[in-house]
Amino acid sequence: MNREIALQIMREYEKKQDDIARDIKRKTQEVYSKIPLIEKIDRELSRSSLYFIKSAFHNPERSKEYVIELKKKINQLKQKKIQLLIANGFPADYLQPKYQCSDCRDTGFIQGKKCHCYKRRLVEICYEKSNLKDVLKTHNFENFKLDYYSDTVDPEHGISPRQNMEDILQKVHRYIENFDKSDDYNFLFYGKSGLGKTFLSYCIAKELLDRGYVVLYLTATDLFDILRTYKINDDDYTDERIQLIFDSDLLILDDLGTEPFTGFNMQELFNVINKRQLQGKKMIVSTNLTLDEIVSFYPERIYSRLLGNFKQFYFFGEDIRLKKRDI
Ligand SMILES: Nc1ncnc2c1ncn2[C@@H]1O[C@H](COP(=O)(O)OP(=O)(O)O)[C@@H](O)[C@H]1O
Ligand SMILES: [Mg+2]
Ligand SMILES: [Zn+2]
């Protein structure tokens, strides 16, 4: 998992615990001033514990007995406290910590394992950071329609757009299921615009985010803008997406080829692809360019990677945007 995100979550849990401790302290003071007897009981409680610890230390053979006795005493005192609270108009659990998650008592962990509330928070943060929070409510596999892809066999490709999309979907699902182990690190979606490349990338993003992976979605223009701003500004300027560009489990780079083919962009693109590859981090790149155009527009060290290390999926058929308008 991304280190920054793990730190952020730990800080949130620390803050929760801090808030709870502070809240109890404040309530305790309030109760003490209204019901001085409760302060006495609390003192009695800590004295008894101390006394029993000492006794058990000196007479270890009787420690079981002591524990039973101590529990009895503590229970009695606690009952008395509750009665006093209620008699004075406080709720019985007024001095109990109010955890948001009682399973892990807001620590995030149960016996060293991440609690369900930790995992839920992780998914939430990843959604926020992915750039896709809202769009994924509608753009996901649940709303994926195969009907937009025609059944008619395309003579040039020997299969129908629908058959092609079914094949792609099958591979995409296998990729998601095996996201941890698959060694097909990268996908290249290419084909004319309006064929569902972006839509399918969103579907994949949602599926992986829901499983707790860190996904970042950027168009090529966004990517180079972020990198340029980062380079121009002082070092203390940090766009947290910079780290995710290199560290996220999946980087979706959409609309490659719409950026200016400047030396800076080419250098940075190579950097991103290369660094991620060295770390075994996956990428999905989408482009409206043909493979020939990729070869002619990009330097060899980039196109050799895009063609050699990316599994290529060709999208063909009719523009879905136009079809949607007809329906
Ligand atoms: N499988 C699909 N099911 C439903 N709507 C889709 C599907 N694929 C694409 N669309 C819709 O069709 C339009 C074009 O798709 P898009 O993914 O933007 O194409 P591309 O990225 O290939 O240009 C968008 O409005 C998108 O929401
Ligand atoms: Mg697109
Ligand atoms: Zn929890």
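This is a predicted model: local features need pLDDT of at least 70, side-chain atom pairs count only at pLDDT 80 or more; totals for chains, interfaces and linings use all residues.

Reader: OK, which residues coordinate the zinc ion (ligand 3)?
Author: The zinc ion (ligand 3) is coordinated by the SG atoms of Cys101, Cys104, Cys115 and Cys117, at 2.2 to 2.3 Å. Along the chain, these donors follow the spacing C-x2-C-x10-C-x1-C.

Reader: And what parts of the chain does the pair Cys101 and Cys115 tie together?
Author: Cys101 lies in the loop between helix H3 (63-87) and strand S1 (109-110), while Cys115 lies in the loop between strand S2 (113-114) and helix H4 (116-130), so the pair ties together parts that are 14 residues apart in sequence.

Reader: What geometry does the site of the zinc ion (ligand 3) have?
Author: The site is tetrahedral, with angles of 104 to 112° among its four donor atoms. For reference, the ideal angle for four tetrahedral donors is 109.5 degrees.

Reader: Is Cys115 buried or exposed?
Author: Cys115 counts as buried, at 1% relative accessibility, because the cut-off for buried is under 20%. Cys104 is buried too, with a relative accessible area of 4%, and Cys101 is buried at 7%, as is Cys117 at 7% relative accessibility.

Reader: With those cysteines in mind, how many disulfides does a search of the whole structure find?
Author: A search of the whole structure finds zero disulfides.

Reader: Changing topic, where is Ser130 found, and which residues does Ser130 touch?
Author: Ser130 is found in helix H4, and it is buried, with a relative accessible area of 0%. Not counting residues up to four places away in sequence, Ser130 touches Leu209, Val215, Leu216 and Tyr217.

Reader: Now the core: which residues in the largest nonpolar core touch the most other members?
Author: That core has 77 residues, and those touching the most other members are Phe144, Val172, Phe189, Leu200, Ile204, Ile245 and Leu250. Domain 1 (3-114) and domain 2 (131-326) both give residues to this core, so it lies between them.

Reader: What is Val172 in contact with?
Author: Leaving aside its neighbours within four places in sequence, Val172 is in contact with Phe141, Phe187, Phe189, Leu200 and Ile204. There is also a second, separate core of 12 residues, and among them are Val31, Leu45, Leu77 and Tyr94.

Note on methods:
Residues are numbered from 1 along each chain as its sequence is written. Chains are lettered from A and ligands numbered from 1 in the order in which they are written. Side-chain values use heavy atoms; hydrogens and water are left out. A nonpolar core is a set of buried Ala, Val, Leu, Ile, Met, Phe, Trp, Tyr and Cys residues joined through side-chain atoms within 4.5 Å. Buried means under 20% relative accessible area, exposed over 50%, partly exposed in between (1.4 Å probe, protein chains only). Domain bounds come from an automatic or database domain assignment. Contact means heavy atoms within 4.5 Å. Donors are N, O and S atoms within 2.8 Å of the metal (3.2 Å for Na, K and Ca); water is not among the atoms, so sites may look incomplete. Four donors count as tetrahedral if all angles lie between 85 and 135 degrees; four count as square planar and six as octahedral if opposite donors are over 155 degrees apart and all others between 65 and 115; anything else is irregular. Helices (H or I, at least four residues) and strands (E, at least two) are DSSP runs, numbered from the N terminus. A disulfide is a pair of cysteine sulfur atoms within 2.5 Å.
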